[in-house]
Amino acid sequence: MRLEARGAISPAMAIAAPFAAIAFTLAVAALFVAWAGAPVGRTYALIFEGGFGSRFAWSETLTRATPLILTGLAAAIAFRARLYNIGAEGQLYAGALAAVAVGGLHGGIGADLPPAWLFAALLGSAALAGALLMALPAIAKTRFGVDEVVTTLLLNFVVLLFVSMMLDGPMKDPAAMGWPQSVTLDDELLLGKLVDRTRVHSGLLIAMGLAVIAWAALRMTTFGFEVRAVGANPRAARFAGVPVTRTILLVGLASGAAAGLAGAIEVAGRTGYVTLDMSPGYGYTGIVIAMLAGLNPLGVIAAAVFVAGVLVGADSMSRAVAVPTYIADVIVAVALIAMLVATLSARYRLRLR
Amino acid sequence: MLDALAAMLVHADFWSAVLRIATPLILGTLGVLLCERAGVLNLGIEGIMVAGAFTGWLAVHAGAGLWTGVLVAAATGALFGALHGVLTVPLALSQHVSGLGITMFASSVAYYAYRVSFPNVTTPPTIRPFVEMRWLELPVLSAQTPLTLLALALVPLVAWVLARTPAGLAVRMVGENPAAAEGQGLSVSAVRIGAIVAGSALMGVAGAFLTLSAFNAFFFNMVNGRGWICVALVVFAGWRPGKALAGALLFAFFDAMQLRLQQADAGGLPYQAWLMLPYLLSIVALVAVARRASYPQALMRPYRKGER
């Protein structure tokens, strides 16, 4: 069995690949649904309706997509330079904690700042917290050659325990009756709603704006060129005079900052406080989204909406038929693997001999 | 506090705990080591451990014997390993991304299957797990279950296979210099996939230890990063089975100590600070050995015949 590069990648193949991957995913997931003893067609219809079938469904999907766009960006930017940041989950929590520290605990610092300034400080500190958290693995990679996948993964556990420690200690909400929940943000720091009587908040616009900026930066700036060069071939990039170490560090900072912002925006837009279950794995799901999007920041928006729709739809479906919500995770995981194979087969031909 | 520490260290219970905590790490680390010596990173371990923990337990719950459960877990691991092997060896996909994909796939399938099989349970159903080998009448070992003995026996076995058998030589060759292996008439793909399947089977057993020996039920998040720690331990061990055992024991030593100190409320630290220790320790160990780590030369390098 061997791979043979196709001479030219036909546009038709490139467009068909993601659809083929989605079709394959739905077919595999259908087996799982059938195994649970539920009618496949009705289950899919319910997932689709729950995710995209009504104004309410769309509003829930877009609310869920907001943090996913940002964690998807975090992965897409880093993976472009082959910096495998798997720590977006931890960076998200670090950002959320920083946001609450600035916007909820104003011990002297925020008390006399106008809300607009305080909000900027909140976002800035969240981005900084995420970036600093990613700086450690990035430095360990460039200076000592430590694989960043393992360090970022391990840091996720450290951060989650740190959050738990803060929620028990200095950031504990005294009014939460023993629930592990942080103090809440001041009301004037909460993001406004985009649509009345829904949960969609203006964080969606921030996330989409950042995706456009990331896309433009990767495509149109020297830095973006350097990122792509490092990702394509670090040795050749270094030979051509690209500052590889600096590029990897900067990419790490940008990636961590995006994930940190996801946490801050989730706090300011949806909950108002930090809990230990505020992210059902948004950091990890972001990796899938980035891969589905082919690491393209604009594609991340579409992929995040798709994945959010599946997650929201599966939640509402499982209230109607006896299929566990974990079907959403199965769909997302199979979609990742199918997408990898589909993009590969658009570029290569598999020869069995 | 030092008195408490000294008292703890002379107590056999403490060392029993060390060995118990080390067991899944030994099995998982050997599994990762096999894959990486053949040149393939396997980040699927975290999910494969979840899947092995689930299927092994499910088999026993359905009435099979405990050892059958272990075999079922190994087969589950092998199956996911085969998928990872196909994705990363002939298809040459990113080993990082494929491994993460396997972890997501294996763990979500396990959780889904658990919910399908037990839709309405609030407390996890239990089984009768492996019992301690009291008949051994040895200080620390008799407080262990046969799975720990299996893990300990596998260390010299894997070391011997790698160092002294043709199969082990083939694994090391495809991990160091696949072109030379091909020149010797070996099929690089077959050897690599074989090593991944075997290593993943061990990861499945590592998961099964949790449900068949350490506990008697399947919980969500029960693997809790142990798989990632194994990946770190392999680097720490310099890809050598003997050092992998030492690394797993050292790690388990600190983990057991942190558990005791946490219970004793020593130092007045919040319990989360103690729980962080194992993860921080793994990171520190990684950074400490990274400079002189001798990676298998072809690790993470896909091999395509006739290409350089």
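This is a predicted model: local features need pLDDT of at least 70, side-chain atom pairs count only at pLDDT 80 or more; totals for chains, interfaces and linings use all residues.
Asn224(B) is found in the loop that joins H9 and H10 of chain B. Asn224(B) is not a glycine, yet its phi is positive, at about 50 degrees. With 15 other C-beta atoms within 10 Å, Asn224(B) is partly exposed. Asn221(B) also sits in the loop between helix H9 (188-214) and H10 of chain B. Here too the residue is not a glycine and phi is positive, at about 60 degrees. Asn221(B) has 9 C-beta neighbours inside 10 Å and therefore counts as exposed, since 12 or fewer such neighbours are needed for that label.

Another positive phi turns up after helix H3 of chain B. H3(B) is followed by Gly63(B), and the phi of this glycine is near 115 degrees. The helix itself covers residues 45-61, a run of 17 residues. From its first C-alpha to its last, H3(B) reaches 24 Å, close to the 24 Å expected at 1.5 Å a residue. Because 16 of its 17 residues are buried, H3(B) is largely enclosed by the rest of the structure.

We can turn next to the place where the two chains meet. Chain B gives 40 residues to the contact, and chain A gives 41 residues. On the side of chain B that touches chain A, at least two residues come from each of helix H5 (95-117), helix H10 (226-236) and helix H12 (271-290). H5(B) provides the largest share of that side, with 13 residues. Sorted by class, the side of chain B that touches chain A holds 28 nonpolar, eight polar and four charged residues.

Leaving aside residues up to four places away in sequence, Leu100(B) touches Ile86(A), Ile287(A) and Leu43(B). Leu100(B) and Leu147(B) are 47 residues apart along the chain, and their C-alpha atoms are separated by 27 Å. Ser117(B) also has its place in helix H5 of chain B. With 16 other C-beta atoms within 10 Å, Ser117(B) is partly exposed. Between Ser117(B) and Thr68(B) there are 49 residues in sequence and 19 Å in space, C-alpha to C-alpha.

A pair of helices from the two chains also packs together. Helix H6 (residues 148-168) of chain A and H12(B) have axes 9 Å apart and an angle of about 160 degrees between them. That angle makes H6(A) roughly antiparallel to H12(B), as angles over 145 degrees count in this way. The crossing of H6(A) past H12(B) is left-handed. Residues of H6(A) that take part include Val150(A), Leu154(A), Phe157(A) and Leu161(A), while those of H12(B) include Leu275(B), Met276(B), Tyr279(B) and Ile283(B). The residues of this contact of H6(A) with H12(B) comprise 14 nonpolar, four polar and no charged.

Within chain A, helix H4 (residues 88-103) packs against helix H11 (residues 282-292) at an angle of about 130 degrees, with 6 Å between their axes. H4(A) and H11(A) are therefore oblique to each other, and H4(A) passes H11(A) in a right-handed crossing. On one side stand Ala88(A), Glu89(A), Gly90(A) and Leu92(A) of H4(A), meeting Tyr282(A), Gly283(A), Tyr284(A) and Gly286(A) of H11(A). The contact of H4(A) with H11(A) has four nonpolar, three polar and one charged residues.

H4(A) also packs with helix H10 (residues 244-271) of chain A, where the axes come within 6 Å and cross at roughly 50 degrees. H4(A) and H10(A) are therefore oblique to each other. H4(A) passes H10(A) in a right-handed crossing. Among the residues making this contact are Ala88(A), Leu92(A), Ala96(A) and Val100(A) of H4(A), along with Gly256(A), Gly260(A), Ala264(A) and Val267(A) of H10(A). By class, the residues in the contact of H4(A) with H10(A) are 14 nonpolar, five polar and one charged.

Notes:
Residues are numbered from 1 along each chain as its sequence is written. Chains are lettered from A and ligands numbered from 1 in the order in which they are written. Helices (H or I, at least four residues) and strands (E, at least two) are DSSP runs, numbered from the N terminus. The expected span of a helix is 1.5 Å times one less than its number of residues. A residue is buried if 20 or more other C-beta atoms lie within 10 Å of its own, exposed if 12 or fewer, and partly exposed in between; C-beta atoms are placed from the backbone. Axes are lines fitted to C-alpha atoms, for helices over the stretch in contact, and angles run from 0 to 180 degrees between N-to-C directions. Angles under 35 degrees count as roughly parallel, over 145 as roughly antiparallel, 65 to 115 as roughly perpendicular and the rest as oblique. A crossing is left-handed if the near helix is turned anticlockwise from the far one by less than a right angle, and right-handed if clockwise. Two residues are in contact if their C-beta atoms, placed from the backbone, lie within 7 Å. Ala, Val, Leu, Ile, Met, Phe, Trp, Tyr, Cys and Pro count as nonpolar, Asp, Glu, Lys and Arg as charged, and the others, Gly among them, as polar.
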